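Hello,

Here is the structure we talked about handing over. Please open it alongside this email, and then read on for what was found.

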Amino acid sequence: MTEISNNWKLEAQRKGLDYQFDIDPDIPDFIESDLERFVQIINNVLSNAVKFTTKGSICFKLKCFSQPNDVNRFSLQVSDTGVGMTTETKKHIFDSFNQMRNNHKRKFGGIGLGLTIVNRLVDLFEGEITIESEFEKGCVVYIDLPLKVVKIASLSDQNINANKVSATPLKVLVVEDNMLNQMVIKKLLSTDNKFTMVIANNGEEALKLLKHSNFDVILMDLQMPIMDGYEATQHIRNGNCGPKTQAIPIIAVTADVMQETKERVLNIGMNDYMTKPINKDLLFKKIERCMYDSSNLKIA
């Protein structure tokens, strides 16, 4: 959560905005959650706050309230001093958010689309979302999500089981068109016998392999001929390679160091991002984290 917030703090500061992140000190370390959807909720709300605020501040607050049966109610609040909404706009906020700020399209280089998506995702979590806003004075988004807490004992048991399973090598699909980069990744992975790898030269080849073979994790280049990493990831997340593959961990591996690229890969459903040249220790750490975080989300 802190990493996500820090990304948007940088974006806010680039625009000269004040940014504040307050997190409940008693918040649980780990929760069971759909990582992709949870992150998408946070990113979309913060994205709109940053995009539609030209001066002033953005504040992101996260609190947690205990409930029965190991369930905690996570309360998220994102407030901004941006363009706000009229009373009429608020009546239709979840029906036509794509059109609600057409008057600001030229000024902000686009129109917001986040809250319609967020509303649907919050429904999937059986949560609640409410909006308070005043035209030209800003907006406050409140989101409550009931999420199950992972207890420390349970976490330890999972780590023990993971160590037992790790005796079976992880099958890595490397999607990379550059032969030199293929050789580098192969050399790095071959230093540890817990990995085996298969190479696809582009996204189209990767999709064909995924339809007929099982893999544990994907290392995905972004810029490739025929089909790039963005399109391939969207096909995978849409279930076009089968339901078993839909949630496979995907790590973007790219020479592109732009913050916008990192945000884009996370928004389309990749689990993590790293830049070339590849650091072996960081690569192994990210693979391990993705394999574990696919079922449990670290909050702090």
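Leu76 in β4 is the bridge partner of Leu62. Keep in mind throughout that this is a predicted model. Strand β3 covers residues 57-67, and it pairs with β4 in the antiparallel sense over 10 bridges. The hairpin of β3 and β4 has 3 residues between the strands. Within that hairpin, Asn69 takes a positive phi near 65°.

β4 also pairs with strand β6, residues 138-149. These two run antiparallel and are joined by 10 bridges. Here Leu76 stands opposite Ile143 of β6.

How many of the 10 residues of β4 are buried? The count is 7, so this strand, residues 71-80, is largely enclosed by the rest of the structure.

**The cores**

The largest nonpolar core has 38 residues. Ile143 and Leu145 have the most contacts inside it. At least two residues of this core come from each of α1 (2-14), α2, β3, β4, α5 (114-124), β5 (128-134) and β6. Which element gives the most? That is α2, with 9 residues. In soluble globular proteins, nonpolar side chains tend to be buried together.

Not counting residues up to four places away in sequence, Leu145 touches Phe38, Ile41, Asn72, Arg73, Phe74, Leu76, Val122, Phe125 and Gly127. Phe38 and Ile41 are among the buried residues of α2.

There is also a second, separate core of 23 residues. Its members include Ala200, Met227, Ile248 and Ala252.

**Helix α2**

α2 runs over residues 35-51, which is 17 residues. From its first C-alpha to its last it reaches 24 Å, close to the 24 Å expected at 1.5 Å a residue. The helix is mostly covered, with 12 of its 17 residues buried. Among them are Leu35, Val39, Ile42, Val45, Leu46, Ala49 and Val50.

Ser5 sits in helix α1. Is Ser5 buried or exposed? It counts as buried, at 1% relative accessibility. Leaving aside neighbours within four places in sequence, Ser5 is in contact with Tyr19, Phe21 and Phe60.

Gln182 lies in helix α7, residues 179-189. Gln182 is buried, because its relative accessible area is 10% and the cut-off for buried is under 20%. Beyond four places in sequence, Gln182 touches Glu176, Asp177, Ile199 and Asn201.

Ile236 belongs to helix α9, residues 229-237. Its relative accessible area is 1%, and Ile236 is buried. Which residues does Ile236 contact, leaving aside its neighbours within four places in sequence? They are Leu207, Leu210, Ile218, Met220, Cys241, Thr245, Gln246, Ile248 and Ile250.

**Helix α10**

In α10, residues 259-267, the buried residues are Gln259, Thr261, Lys262, Glu263 and Val265. Their cover includes α1, α9, β10 (250-254) and β11 (272-275). Gly269 follows α10, with a positive phi near 115°.

**The whole chain, and where to be careful**

The protein chain has 11 helices and 12 strands. Of its 300 residues, 46% are buried. Among contacts with a separation of 6 or more, 66% are between residues 24 or more positions apart. The accessible surface comes to about 15700 Å². Carbon and sulfur atoms account for 49% of that surface.

Now the confidence. The mean pLDDT of the chain is 83, and 84% of its residues reach 70 or more. Where does pLDDT stay under 50? One stretch is residues 96-102, for which the model has 19 contacts beyond four places in sequence. Residues 152-160 also stay under 50, and there the model has 7 such contacts.

Best wishes

Notes:
Residues numbered from 1 in each chain as written. Predicted model: local features only at pLDDT ≥ 70, side-chain atom pairs only at ≥ 80, totals over all residues. Heavy atoms only, no water. Helix = DSSP H or I, 4+ residues; strand = E, 2+ residues; numbered from the N terminus. Expected span 1.5 Å × (residues − 1). Buried < 20%, exposed > 50% of the residue type's maximum accessible area, 1.4 Å probe, protein only. pLDDT = per-residue confidence, 0-100. Contact = heavy atoms within 4.5 Å. Areas by Shrake-Rupley, 256 points an atom, 1.4 Å probe, with all protein chains shown as cover. Pairing = 2+ DSSP bridges. Core = buried A, V, L, I, M, F, W, Y, C linked by side-chain atoms within 4.5 Å.
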